[in-house]
Amino acid sequence: AGPPPLRDCEGDYVVRTRAELEALYGCRTIGGSLTVDGLPGPDLGALSTLEEVGGDLAIRDAEITTLTHLAGLTRVGGDLALEDDEELGDLEGLGALARIGGTLSITSMRDLETLAGLGPVTTLAALRVEENGALADLAGLAGLTNVEGDVLVAGHLALTSLDGLDDLASVGGDLNLIRDWALSDLGALAAIEEVEGRLTVDRAPELASLEGLSALERVGGALT
């Protein structure tokens, strides 16, 4: 038997079991939101036909080690959230993802060492990267030029630079760098010209100066 005929799957889906995942095999689009919550591993094989999620895509507390079966995904209309997927080491498999309509949130990913593998996203509604213990840089965000809302990069032990944000020119909300204990260089922010909200750098003991913000022309709120 060959692959199933592709179909457009309406509504929202919550996937907690392998059987619920297998039921989505053949979905080309999901009209609403898809939440993968606490799924046993090792992968998302049944989503290999998925090209588009109209709403939010959240993958939380899943025992997966790879996202490679999402290689066909080109668009998420709402937020993309990866949270507490403790065995995932990279984002390989998201390389075709060119549009995220909402917030990109990557939080509490214990083994995530790199954001490499993420597709060529140029604009986000907001960016939240927080409490990823092994993350060393933000390399997968290369090409991101505009964040319409807030940027939060916080709570990292291994993050030494913000490499990956080199093309970011505008932040429409606040830019917060907090509790990034190993951060020693802001050079990757050299393209930022405007932060509409507040700019906060706090508890970054390895950071000797704010050198790197050389192109910054305007901060709408406080600089702390």
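**Close-up views of charged and polar side chains**

**View 1. Arg110 and Asp111 form a salt bridge.** Asp111 is partly exposed because its relative accessibility is 33%, where partly exposed lies between buried (under 20% relative accessible area) and exposed (over 50%), with a 1.4 Å probe and protein chains only. Arg110 is also partly exposed, with a relative accessible area of 45%. The closest N and O atoms of the pair are 3.2 Å apart; a salt bridge is a side-chain nitrogen of Lys or Arg within 4 Å of a carboxyl oxygen of Asp or Glu. The model is predicted: local features need pLDDT of at least 70, side-chain atom pairs count only at pLDDT 80 or more, and totals for chains, interfaces and linings use all residues. Residues are numbered from 1 along each chain as its sequence is written, and side-chain values use heavy atoms, leaving out hydrogens and water.

**View 2. Arg218 and Glu196 meet in a salt bridge.** The N to O distance is 2.8 Å. Arg218 is partly exposed at 38%, and Glu196 is partly exposed at 34%.

**View 3. Asp43 forms a salt bridge with Arg18.** The closest N and O atoms are 3.3 Å apart. Arg18 has a relative accessible area of 24% and is partly exposed. The structure holds 14 salt bridges.

**View 4. Thr200 and Thr224 are joined by a polar contact through their side chains.** The contact spans 3.0 Å; a polar contact is a pair of N or O atoms within 3.5 Å, where within protein one must be able to donate a hydrogen and the other to accept it, and residues adjacent in sequence count only if both atoms are side-chain atoms. Thr200 is buried, at 13% relative accessibility.
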